[in-house]
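Hi,

Here is the structure I promised to pass on. Have a look at it first, and my notes on what turned up follow below.

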Amino acid sequence: MDDEGVVRLDAEYDEARLSAHFEALLAAGERIEPRDWMPEGYRRMLLRQIAQHAHSEIIGMQPEGAWLTRAPTLHRKAVLLAKVQDEAGHGLYLYAAAETLGVSRAELLDALHSGHQRYAATFNHPALTWADAGAIAWLTDGAAVVNQVPLCQTSYGPYARAMRRVCQEEAFHVRQGYDMLHALCQGTPQQKEMAQDAVNRWWLPAVALMFGPPDTVAGGADARTAAMGAAVTRRSMAWGIKRHTNDELRQRFVDQVVPQAERLGLTLPDPGIRWNEERGHYDFGPIDWRVFRDSLGDGSLVARQRLAHRVAAHEDGAWVREAVDAHAAGGGDWREAA
Ligand SMILES: [Fe+2]
Ligand SMILES: [Fe+2]
């Protein structure tokens, strides 16, 4: 056998051995760390998910951020400011986790700005009134918590550790959103009406888009999407990235929110919601996914505004990145350059 053949055989042997080690770590419930060998598909799937998650955190600052200057009291303003800043921090933890997979933050941001990587389309929904800030936090962040608590046990170490910090802060976000709506529901009839209107508009984006496409429910108009979703979910669960299907988490969210809405005195805009004694869960109406493709898709007006705003903020921050680079290169005192 020639030298090349020996090298090839060695490489195949190494890959089989490394793959067996990777599978053994997963089977033992151990975390995969950046130093460990991992299959290319696992790396790509993780990178896609973490990047999309990071992008959603920083784009998600925009709908509520628009209300910071119009918060009704100093207290509400301070709480909302802390919440929106937390989202920037979540983006930071997640970009840092993604960087351990061999891409730079600059590359990730380029992919967002050029439209090559997506973020949750939920945030293409405009925040029309002050009550929207409450509805976003209660419903959207509430859905995020349901999604993210299982991710604290995800198989990739840096992602799992980032999610633990994120989840603690998200719990506060949901609570402050609920509190905001509770105050409005105890206020004037107009305030309560404003809360109901915001919930009417944010319910479906939360229940549909925060959990992704159907991945277990077969048949009907979404059969093809569901089959594709199921294949991706199966792969992700085999690698220990996801722990539950999208539909399972969606159901968990509905079960959690329905009694809360009752306590607030608000009606969730789905006449199909009712307790199903046999299943031990709340039933809810089928989701018409076409609604979102038109109004919240990449080409929609708000989507273009969100991205333009993000790119402008990035360009405005160029001097900060240049100063940090100069400081790192020179090792001197950055104040001398000012
Ligand atoms: Fe967040
Ligand atoms: Fe949040």
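A word on terms before anything else: helices here are DSSP runs of H or I with at least four residues, strands are runs of E with at least two, and both are numbered from the N terminus. Counted that way, the protein chain has 13 helices and two strands. Please keep in mind that this is a predicted model.

Overall shape

The C-alpha trace of the protein chain spans about 85 × 65 × 35 Å along its principal axes. A compact globule with 338 residues would have a radius of gyration near 20 Å, and the protein chain has 22 Å, so the value agrees with that expectation. As for burial, 35% of the 338 residues count as buried. If you look at contacts with a separation of 6 or more, 70% of them come from residues 24 or more positions apart.

Domains

The protein chain is divided into two pieces: domain 1 covers 1-30 and domain 2 covers 38-290. How far apart do the C-alpha centres of domain 1 and domain 2 lie? The answer is 39 Å.

Around the end of H1

Two neighbouring entries in my notes sit here. Ala27 is in helix H1, while Ala28 is in the loop between helix H1 (3-27) and helix H2 (40-59). Are they buried or exposed? Ala27 has 9 C-beta neighbours inside 10 Å and therefore counts as exposed. Ala28 has 7 such neighbours inside 10 Å, so Ala28 counts as exposed too; the cut-off for exposed is 12 or fewer.

Ala27 and Arg201 are 174 residues apart in sequence, with 43 Å between their C-alpha atoms. For Ala28 and Trp203, the figures are 175 residues in sequence and 39 Å in space, C-alpha to C-alpha.

H7 and H8

The axes of helix H7 (residues 157-185) and helix H8 (residues 189-209) come within 7 Å and cross at roughly 140°. Why call them oblique rather than antiparallel? Only angles over 145 degrees count as roughly antiparallel, so H7 and H8 are oblique to each other. On the H7 side the contact is made by Leu181, Leu184 and Cys185, and on the H8 side by Gln191, Lys192, Met194 and Ala195. Those residues divide into five nonpolar, one polar and one charged.

One more residue in this part of the chain: Gln168 lies in helix H7. With 11 C-beta neighbours inside 10 Å, Gln168 counts as exposed because the limit is 12 or fewer.

Cheers

Methods: Residues numbered from 1 in each chain as written. Chains lettered and ligands numbered in written order. Predicted model: local features only at pLDDT ≥ 70, side-chain atom pairs only at ≥ 80, totals over all residues. Axes fitted to C-alpha atoms, helices over the stretch in contact; angles between N-to-C directions. Parallel < 35°, antiparallel > 145°, perpendicular 65-115°, else oblique. Contact = placed C-beta atoms within 7 Å. Nonpolar A, V, L, I, M, F, W, Y, C, P; charged D, E, K, R; others polar. Domains from an automatic or database assignment. Rg over C-alpha atoms; globule rule 2.2 N^0.38 Å. Buried ≥ 20, exposed ≤ 12 C-beta atoms within 10 Å, placed from the backbone.
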